[in-house]
Amino acid sequence: MNIPASLVQLIDELAKLPGIGKKTAKRLAFSLLLRQEQDALDLAESIVRARKTIRNCICCFGFSDLEICDICADPRRDHEVICVVEDPRNIFTIENSHVFTGVYHVLQGAISPLQGITPDTLKIAELQNRIEQSPIQELVISTNPTLEGEATAHYLMDLFKDSVPVITRIARGMPAGGDLEFADSNTLARAFEGRSPFKTEIDV
Amino acid sequence: MVIHSLNLVDFRNYKNIDVEFNSGINFIYGLNGQGKTNLIESLYLITHLKSFRTSKIGDLNSFSKKGSTVQTGLSKQNVRHDIRITLHENQKKVLHNRKIVNYSSEYIKNFLSLLFSPDQLVAFKEFPLERRNFIDRILFLTDEKYFQKIKEFNRIKKQKNVVLRGGHRKDLFVWNKLLAAIIPDIVKVREEIVEKINTLLPDIFTALTGRKDCLQFSYGNDLKNKTEPLPESILAFLLTKVDKEIGNGHCLFGPHKDNYWMTLDGRKDRQTFSQGEYRIAYLSLQLAMNKVVTTVLGFKPILLLDDIFSELDEKVSEKTVSHIVERENQVFVTSTGIPEKFLDVGTGICVSNGSLSIM
């Protein structure tokens, strides 16, 4: 029996998603057909709604359903500290940890000529505009600790060294609650290079 | 490290052989075209997971059949390892102690053999890349950090090449900066190993030849006479070469252009060594490397000496054998004639048309 054309199309569309192979796509497609019709329609509708309403914040390029996202619009946040990330997802991760009270800027990638990503294709000019219009005190570079993330960090560092008083880079090394035995040698080497004087919170 | 037993099925000209080896010296002899080098090749495959004669796995299968297996029991630092390598068309599957090996790069860190073969000698003599690979293979084994640095260096170089080909001058700075930061670390490790080799090399050369001239291994750091070995100076230098590099479309300066060579009392190898001198010098280098890695790794690599007697004169051959006896490595030596005078220090294995007999 031939698989109906619309089902083939559904499978092929699902297989385009990251982390989904042909087999998983097939399983998902069949599962969508076997469930209650309403479940599948709800999913379809939520995809449409999300795609139609969510756009990039015109200020930080994070995801938002308004022109300016909640974070950029929030007067309680410190607008003089900008945290630069590669990906809108990173904002959610950092927000979940409640460690940062400034605002964000999403580059939408990291410099990688091999993949055709140059500084011009990233939202770097936009960051420059933003800083020119309202000067900031600190730029926290939180690109990934990959070679490409590092290259991007260096690029930003050179670009803003005269216009931003403090430029910082998030630390690399051992994960909290981690076990030495599970760290790869590269991570350990970085952790040792970046070791710092031991401080206790309370001076006795 | 010692290879105790070997079983080859449909490998090159071997249909099905089982052989037990001496933990000292094994003399493999037989007429031309009987399979001596094939045996050496199978042992090299065990430690390197590739051949030194071909890049195609399919070539290792015997003519008639499609798949072949190499199975061996070896021991290293008192631990026994069972290894089974199955070659099918152009695929290989490796079982190490009955577990599937997913990454060759992880597997080959466990074992090591040093090879002297006429082909290898020519490649070493002709191509700087071969010489860099020879040193790097050892360094990858002994220095995990160096392995990571080279991986990173290659990635930066690849990214920079794309920028150079595109002629994007202003995007180049960051890649030059990253290169400048990593180059001194690579150069330092290379300098150190050459220094270590040079503490051993003259004595080994003298032991093999009875000659007093001083054999030295030299490292030609590409950036040496161009700049100081500091990130800032390297960056400044690279910035002066931007036009030239954009013109060529690839990285022109750095450790990927480094070279190594040998000298005898200051005479440079390629220009002034005789054929014989080069062979002995190369063999001395392998034997010096043997000592260096033994100290660092804590085990003795296997020495594979293919066709060594036809390459060296009688006196040097004798001295080589007695040097090897002292070092206590497991050694495999091939020759066309029966090495009668050496048989008391090792085992003779006669190869005849794909079958082996121990003498």
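A salt bridge is a side-chain nitrogen of Lys or Arg within 4 Å of a carboxyl oxygen of Asp or Glu. The model shown in these views is predicted.

**View 1. A salt bridge links chain B to chain A.** The side chains of B:K177 and A:D158 meet here. Their N to O distance is 3.2 Å, so the pair falls within the 4 Å limit for a salt bridge. Between chain B and chain A the count is four salt bridges. Over all chains, the structure holds 29.

**View 2. Chain B and chain A share an interface.** Each chain brings residues to the contact: 17 from chain B and 17 from chain A. The size of an interface is often given as the accessible area lost when the parts come together. Between chain B and chain A, about 1600 Å² is buried. Carbon and sulfur atoms give 62% of that area. Which three residues supply more than any other three of the area that chain B buries against chain A? They are B:Q159, B:V174 and B:K177, with 26%.

**View 3. Helix α7 of chain A packs on α6(B).** Helix α7 of chain A spans residues 147-160. The axes of α7(A) and α6(B) lie 9 Å apart, at an angle of about 115°. The crossing is right-handed. From α7(A) come A:L147, A:A151, A:H154, A:Y155 and A:D158. They meet B:F173, B:V174, B:W175, B:K177 and B:L178 in α6(B). By class, this contact has seven nonpolar, one polar and two charged residues. Both partners of the salt bridge in View 1, B:K177 and A:D158, are in this contact.

**View 4. Helices α5 and α6 of chain B pack together.** Helix α5 covers residues 144-166 of chain B, and helix α6 covers residues 172-209. Their axes come within 9 Å and cross at roughly 150°. Angles over 145 degrees count as roughly antiparallel, so α5(B) is roughly antiparallel to α6(B). The crossing is left-handed. Residues of α5(B) in the contact include B:Y146, B:I150, B:F153 and B:I156. Among those of α6(B) are B:W175, B:L179, B:I182 and B:I186. The contact residues divide into 14 nonpolar, two polar and five charged.

**View 5. Helix α4 of chain B meets α6(B).** Helix α4 of chain B runs over residues 128-142. The axes of α4(B) and α6(B) are 11 Å apart, and the packing angle is about 95°. The two helices are therefore roughly perpendicular to each other. B:R132, B:I135, B:D136, B:I138 and B:L139 belong to α4(B). They meet B:V189, B:R190, B:I193 and B:I197 in α6(B). This contact has six nonpolar, no polar and three charged residues.

View 6. A:R49 pairs with A:E45 in a salt bridge. Their closest N and O atoms are 3.1 Å apart. How far apart are A:R49 and A:E45 in helix α3 (residues 37-53) of chain A? They are four residues apart, so about one helical turn separates them.

Methods:
Residues are numbered from 1 along each chain as its sequence is written. Chains are lettered from A and ligands numbered from 1 in the order in which they are written. This is a predicted model: local features need pLDDT of at least 70, side-chain atom pairs count only at pLDDT 80 or more; totals for chains, interfaces and linings use all residues. Side-chain values use heavy atoms; hydrogens and water are left out. Axes are lines fitted to C-alpha atoms, for helices over the stretch in contact, and angles run from 0 to 180 degrees between N-to-C directions. Angles under 35 degrees count as roughly parallel, over 145 as roughly antiparallel, 65 to 115 as roughly perpendicular and the rest as oblique. A crossing is left-handed if the near helix is turned anticlockwise from the far one by less than a right angle, and right-handed if clockwise. Contact means heavy atoms within 4.5 Å. Ala, Val, Leu, Ile, Met, Phe, Trp, Tyr, Cys and Pro count as nonpolar, Asp, Glu, Lys and Arg as charged, and the others, Gly among them, as polar. Buried area is the accessible area (1.4 Å probe) that two parts lose on being put together, summed over both.
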